[in-house]
Amino acid sequence: MAAERPDKKSVKQQAIELDPPVELVFRGPFTEVVTSSLKLKNPTKNTILYKVKTTAPKQYCVRPNSGILNAGEEAPVSVMLQPIDLTVPDSERSKHKFMVQTMFAPPDFTPDQLDFAWKSAAKDVLMDSKLKCVFDETPIAQTIPASTVPDNDAAVANGGKAALEESLASTQSPPATPSEQAEVNKNYTESQPAKNTTSQPSQVLAGATPAKAVPVKDTESQP
């Protein structure tokens with residue numbers, strides 16, 4: 001069952017939403033094809049038919065230039081400006097305008113009836129939105145990639161790091177030779193505390209002359 005069509009009073013007010021709503025901006029250079037994007041959205045619960053018209057059909061290509069928007073759907077439209085003669089006065093280019101014309105789909109509408117629906121539509125069911133064309137000839141600023149711009153802080157940090165490494169390298173002692181390392185090891189070993197080597201009195205054997213004990217000095221190293 002087809003959705004009910006709105007009354008005639010509300011039909012003349014545009015039912016779809018346009019983005020941008022009032023103007024299409026084309027940014028140069030205009031020596032090549034320049035594209036401006038338009039988005040159409042159907043916020044209603046009915047199917048809407050649309051077509052895009054212009055006052056300068058030889059200067060623009062529109063894809064798609066007509067179509068069907070079901071309830072809640074969106075449709076992107078590309079408007080392509082062909083290369084233009086920059087000697088043409090601005091007053092002539094200011095006449096370039098677009099119109100998005102829409103209407104609710106008639107009862108029992110099928111997609112193959114699109115052309116017939118437009119041809120048989122009464123004027124009082126048509127809705128339209130007009131957009132003017134704006135030509136932006138502002139040159140695009142040239143930017144220098146960040147990778148080519150020296151970072152002063154990084155340069156200072158790297159310079160300081162290099163200076164520190166050079167200072168450490170100049171004060172660092174050369175590696176010890178094998179003989180020097182052996183001497184170091186010997187000193188380290190001798191620095192350990194020695195055990196008390198005081199001799200205990202020996203037992204006197206029967207018939208033997210007791211030996212005179214000779215005191216042994218403590219050989220423990222001083223700390």
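# Exercises on a predicted fold

An open sheet of 4 strands runs in the order 1-3-7-5, with antiparallel pairing. The model is predicted. Work through the tasks with the structure open.

**Exercise 1. Find the edge strands of this sheet, then describe how its neighbouring strands are turned.**

Solution. 
- Step 1. Look for strands that pair on one side only: these are strand 1 (17–19) and strand 5.
- Step 2. Compare neighbouring strands. On average they are turned by 20 degrees against each other, direction ignored.
- Step 3. Zoom in on strand 1 and strand 3. They pair in the antiparallel sense over 3 bridges.
- Step 4. Pick out one facing pair. Aspartate 19 stands opposite lysine 39 in strand 3.

Background for this exercise: strands of a sheet pair through backbone hydrogen bonds, either parallel or antiparallel.

**Exercise 2. Which residues touch the most other members of the largest nonpolar core?**

Solution. 
- Step 1. Start from the 28 residues of this core.
- Step 2. Phe26, Leu38, Leu40, Tyr60, Val79, Phe98 and Val100 come out on top.
- Step 3. Trace the core to its strands. At least two residues each come from strand 2 (23–27), strand 3 (34–41), strand 4 (48–54), strand 5 (60–63), strand 7 (74–81), strand 8 (97–104) and strand 9 (127–136).
- Step 4. Look for another core. A second, separate one has 8 residues, including Leu49, Met103, Phe109 and Val125.
- Step 5. Return to leucine 38. Leave aside its neighbours within four places in sequence. Its contacts then include Leu18, Asp19, Pro20, Leu24, Val100 and Leu131. Ala75, Pro76 and Val77 are also in contact with leucine 38.

**Exercise 3. Classify the ring pair of phenylalanine 26 and phenylalanine 135: stacked or edge-to-face?**

Solution. 
- Step 1. Count the aromatic pairs. There are 4.
- Step 2. Take the geometry. The ring centres of phenylalanine 26 and phenylalanine 135 are 6.0 Å apart, with planes at 25 degrees, so this pair is stacked. The cut-off for stacked is under 30 degrees.
- Step 3. Locate the partners. Phenylalanine 26 is in strand 2 and phenylalanine 135 in strand 9, 109 residues apart.
- Step 4. Phenylalanine 26 is buried at 0% relative accessibility. Phenylalanine 135 is buried at 18%.

**Exercise 4. Why is the pair of tyrosine 60 and phenylalanine 98 classed as it is?**

Solution. 
- Step 1. The centres are 4.9 Å apart and the planes stand at 80 degrees, so the pair is edge-to-face.
- Step 2. Tyrosine 60 lies in strand 5 and phenylalanine 98 in strand 8, so the pair ties together parts 38 residues apart in sequence.
- Step 3. Check burial. Tyrosine 60 is buried at 5% relative accessible area, and phenylalanine 98 is buried at 3%.
- Step 4. Ring pairs link Phe26, Phe30, Tyr60, Phe98 and Phe135.

**Exercise 5. How many disulfides does the structure hold?**

Solution. 
- Step 1. Count the disulfides. There are 0.
- Step 2. Cysteine 61 is partly exposed at 28% relative accessible area. Cysteine 133 is buried at 9%.

Definitions and conventions: Residues numbered from 1 in each chain as written. Predicted model: local features only at pLDDT ≥ 70, side-chain atom pairs only at ≥ 80, totals over all residues. Heavy atoms only, no water. Core = buried A, V, L, I, M, F, W, Y, C linked by side-chain atoms within 4.5 Å. Buried < 20%, exposed > 50% of the residue type's maximum accessible area, 1.4 Å probe, protein only. Contact = heavy atoms within 4.5 Å. Disulfide = S-S within 2.5 Å. Pairing = 2+ DSSP bridges. Axes fitted to C-alpha atoms, helices over the stretch in contact; angles between N-to-C directions. Phe/Tyr/Trp six-rings, centres within 6.5 Å; stacked < 30°, edge-to-face > 60°.
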